[in-house]
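Reader: I'd like to go through this one with you and ask how you back up the words you use. Could you put it up first?

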Amino acid sequence: MSAPLLLTGAGRSGTTLVEKLLHTHPEIGIGSQPFPDLFIEAKRAFLAERGVDRENPVGPRFPEPDGGLDELADFLERDHWSAARLDALFAALAANSGQNMKPVLAARNAIEPGSFFDVYAQLLAVVGAELGCEQARWVGSKEIFLEEFGAILLDRGGAMVVVVRDPRDMLTSFRYGRGRAYGGEIRPTLYLLRQWRKSVAFALHLRNRERFAAVRYEDVAANPVTSLNDVAERLAVEPSFASFDGSVPDQNGAAWAGNSSFDPHDGLSRDSIGRWRQLLDLPTVRFVETVCGPEMAALGYDADRSDPAAIGEFVEPSFVGHRRFPSDYSTNTDAVEIEQRRLALLRASRPAAAIREHYFIFPEVYDLLRGEGPPEQRRGRP
């Protein structure tokens, strides 16, 4: 019987490419965002129980209060999805332009009420049947921004893959070219960078867990066979990836056209690596390298222009705006003070665990970013 796998990461970080490549393995089946609203609505209900009303429930876990993973796991166990709630879920999926597996919509009558995990298992069975991989070792989906759900699935015998990318290129992919067509309205710069830091925090926190893998987009693009075989070994399946010289197939076996914000291309390409150098203005580069600098260093990305002054000097470009966020999300006094405080903590005496958890999601991530973790955890890769 197949076990669940969740492939996730920040948006525009290469998750779709890794999804397509991993799906070519005979023991891995991955649907492309088949039911995103299940996770979003479950997290919304969890926050509502805690008295939190947030437009974007699946957020960066900093600085907004989000609750612990144990509390979320307990809630998902008892969170009942009635027939009426399932009807609302499928209505949301039908209206979601990012919903990519129409057979899921046709399966409404086959999905019975139950807990989140009951509904999730039934939906994955639909995905497995549609992909023809019911007997694969892993059957799952690619969904962005869902690291907390992946961590919970690990505790339940599932698997998780996190994809990370140079945050400067991630930001470039959101802002320019066809980025808006793929990513929607452009979210505030700091919000996107906090989502990126969330991915890194989970990658560092879970790096020694069985059935967990983190991979950099740049490594996949430059050396796909080695990178994907490393992932396969982490997922306890045969590292049988051999070549990706031709086009990348989609889940139906047809050539995948790619979803680059820039030039369309078949197969793998390194053209998007470092594109930020041509498009990002210097103040934005300084801002990214400052607020993400510690995490960039931990993952082997250079951050030569990091400067704490860049946080207070940053000005959001006029074309950045999202109706769900205040226009000064990245630049208001609280945001500036919080980000400056976060950097200062890395230079100060080791704070209490609760403070480390608040600012870095997991206390030990603070230690790793300060270079105080075990040597095997300071090797410049996730």
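Reader: What does the accessible surface of the protein chain come to, and how much of it belongs to carbon and sulfur atoms?

Author: It comes to about 15,600 Å², and 48% of that belongs to carbon and sulfur atoms. Areas are from the Shrake-Rupley method with a 1.4 Å probe, and for residues only the protein chains shown count as cover. Before we go on: this is a predicted model, where local features need pLDDT of at least 70 and side-chain atom pairs count only at pLDDT 80 or more, while totals for chains, interfaces and linings use all residues. Residues are numbered from 1 along each chain as its sequence is written, and side-chain values use heavy atoms, with hydrogens and water left out.

Reader: What makes the protein chain as compact as a globular protein of its length?

Author: First the make-up: the chain has 19 helices and 7 strands (DSSP runs numbered from the N terminus, H or I of at least four residues for helices, E of at least two for strands). Its radius of gyration is 20 Å, close to the 21 Å that the globule rule gives for 382 residues, so the chain is as compact as a globular protein of that length. The radius is taken over C-alpha atoms, and the rule is 2.2 Å times the number of residues to the power 0.38. Those C-alpha atoms fill a box of roughly 55 × 50 × 45 Å along the principal axes.

Reader: Why is Glu 147 called buried?

Author: Buried means under 20% relative accessible area, with exposed over 50% and partly exposed in between (1.4 Å probe, protein chains only). Glu 147 has 1% relative accessibility, so it counts as buried. Glu 147 lies in helix 7, residues 147-155. Beyond four places in sequence, it touches residues including Thr 8, Lys 198 and Phe 202 (contact means heavy atoms within 4.5 Å). Across the protein chain, buried residues make up 57% of the 382.

Reader: What makes Ile 111 and Val 119 buried?

Author: Ile 111 is at 4% relative accessibility, so it counts as buried, and Val 119, at 0%, counts as buried too. Ile 111 is in the loop between helix 5 (102-105) and strand 4 (114-115), while Val 119 belongs to helix 6 (residues 116-131). Ile 111 is in contact with Val 119, and also with Leu 86, Phe 90 and others. Val 119 in turn touches residues including Leu 38, Trp 81 and Leu 86. Ile 111 and Leu 86 are 25 residues apart in sequence, yet their C-alpha atoms are 8.1 Å apart.

Reader: How many disulfides does the structure hold?

Author: The structure holds 0, where a disulfide is a pair of cysteine sulfur atoms within 2.5 Å.
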